[in-house]
Amino acid sequence: MTEPTKRTRRLAGIDIGTLTCRLLIADLAPGHPLKELRSERRILRLGEGVDQTKRLSPAAMDRVIHCLQEWRSVIEHHEVEVTAVVATSAVRDAGNRAEFLARVKAECGFEVELISGEEEARRTLLGIRSGLPAGVTDILALDIGGGSTEFILDRSGKSPITRSIDIGVVRLCERLLLHDPPTNEEVGQAREWVTRETKAAVANMGDYRQAMFVGTAGTITALAAMAQKLSTYEPARIHNYVLKLDTIRELEQTLLSRKKVERIGLPGLEKNREEVIAAGAIIIRTIMETLGQKECLVSDLGLREGVLIDLTSLLSQ
């Protein structure tokens with residue numbers, strides 16, 4: 001009896017997000033942690049202007065396609081067996097998404113899967129689960145993106161419950177945070193919006209209060225890096241770091257007191273995140289206060305890892 005499906009496979013996953021595009025190349029075998037070979041992320045703002053226009057701009061599409069063409073060469077160099085590419089909020093919302101998806105296929109050779117907020121949450125959960133500390137069972141996970149935010153309640157013996165709200169760092173900046181730095185009125189309106197949507201999201205979710213609060217994606221990992229004043233991004237120091245609400249409040253105040261140009265070079269803040277990090281801090285602080293959470297366990301693993309884990313499962317069937 002042969003077992004070809006049990007062998008190690010070299011896979012690539014690409015997450016085309018509203019703000020950031022991410023690449024992960026890894027070796028995976030069923031039942032084993034993924035072995036990362038190459039990891040990249042670029043802040044390209046595909047979703048720039050989509051909240052107002054409901055269209056992806058030619059310039060934004062060009063930025064992403066140029067990046068994907070580069071990554072195609074990287075993937076070929078690594079002799080990857082299968083590549084999975086997913087797109088999320090900005091592409092979901094864009095009226096010209098078919099044009100973008102067709103361009104990616106024609107110019108980059110990638111077939112893109114456009115996933116719903118709920119499917120995004122399911123695969124994000126797979127990524128988070130793969131790297132939790134021993135003994136952690138019930139979790140309430142939060143994934144703050146550029147165009148949307150996902151809540152995932154996953155409890156032992158029960159099916160995960162997911163909720164997706166149309167608030168992300170790019171959307172919040174473009175809709176409400178119009179001054180630099182934002183005015184107190186704008187910040188107040190942002191908090192009201194996030195509070196209202198958060199309450200609606202968890203209203204029928206069940207008891208999340210006993211679950212460990214876990215956060216993933218760029219806003220939360222950036223705040224964890226800033227909290228530790230890291231000069232370079234160190235996944236080992238960010239993953240499973242405990243980010244306290246009081247620390248988030250202090251960082252939010254630091255960010256909101258500065259203009260975008262004055263945020264450049266703040267310890268731990270990656271380049272090109274200066275414009276949206278204040279919006280991210282507002283979102284995570286407001287959600288934690290609304291849910292009564294005092295600290296957040298940071299996961300450096302999320303959607304792109306979940307895409308590969310899910311792909312491994314499919315290939316093993």
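Strands S1 and S2 pair in the antiparallel sense over eight bridges. Pairing requires at least two DSSP bridges between two strands. Strands (E, at least two residues) and helices (H or I, at least four) are DSSP runs, numbered from the N terminus. The model is predicted: local features need pLDDT of at least 70, side-chain atom pairs count only at pLDDT 80 or more, and totals for chains, interfaces and linings use all residues. Residues are numbered from 1 along each chain as its sequence is written, and side-chain values use heavy atoms, with hydrogens and water left out.

A hairpin of three residues links S1 to S2. Isoleucine 16 stands opposite cysteine 21 in S2. On to S3, S2 again runs antiparallel, with eight bridges. Here arginine 22 has arginine 41 of S3 as its bridge partner. This second hairpin has six residues between its strands. In its turn, glycine 31 has a positive phi of about 85°.

Strand S1 (residues 9–16) also pairs with strand S4 (residues 82–87), in the parallel sense, over six bridges. Alanine 12 has threonine 83 of S4 as its bridge partner. Together, five strands form an open sheet of mixed pairing, in the order S3-S2-S1-S4-S5. Strand S3 (35–43) and strand S5 (112–114) each have a single partner strand, so one side of each lacks a neighbour in the sheet. Neighbouring strands are turned by 20° against each other on average, direction ignored.

Strand S2 (residues 20–28) is mostly covered, with nine of its nine residues buried. Buried means under 20% relative accessible area, exposed over 50%, and partly exposed in between (1.4 Å probe, protein chains only). In a regular strand, side chains alternate between the two faces of the sheet. In S2 both faces are covered. Thr20, Arg22, Leu24, Ala26 and Leu28 are buried on one side, and Cys21, Leu23, Ile25 and Asp27 on the other.

The disulfide count is zero, with a cut-off of 2.5 Å between the two cysteine sulfur atoms. For cysteine 67, the closest cysteine sulfur is that of cysteine 21, 5.5 Å away and too far for a bond. Cysteine 67 is buried, at 1% relative accessibility. For cysteine 296, the closest cysteine sulfur lies in cysteine 173, at 20 Å, again too far for a bond. Cysteine 296 is buried as well, with a relative accessible area of 1%.

One cavity of 30 Å³ or more was found in the whole structure. The largest cavity has a volume of about 60 Å³. Its lining includes Thr18, Asp51, Asp93, Arg171 and Glu174. Helix H1 (50–53), helix H3 (89–93) and helix H6 (169–175) each supply at least two lining residues.

The second largest pocket holds about 160 Å³ of space. Helix H8 (218–227) and helix H10 (245–256) are the elements giving two or more residues to its lining. H10 gives the most, with four residues.

Methods
On a 1 Å grid over the protein atoms alone, a cavity is a set of points where a 1.4 Å probe fits but cannot get out, and a pocket is an open set with protein on both sides within 12 Å along at least five of seven lines; lining residues have an atom within 4 Å of a point. Grid points are joined across faces, edges and corners, and a volume is the space filled by probe spheres set on the points. Axes are lines fitted to C-alpha atoms, for helices over the stretch in contact, and angles run from 0 to 180 degrees between N-to-C directions.
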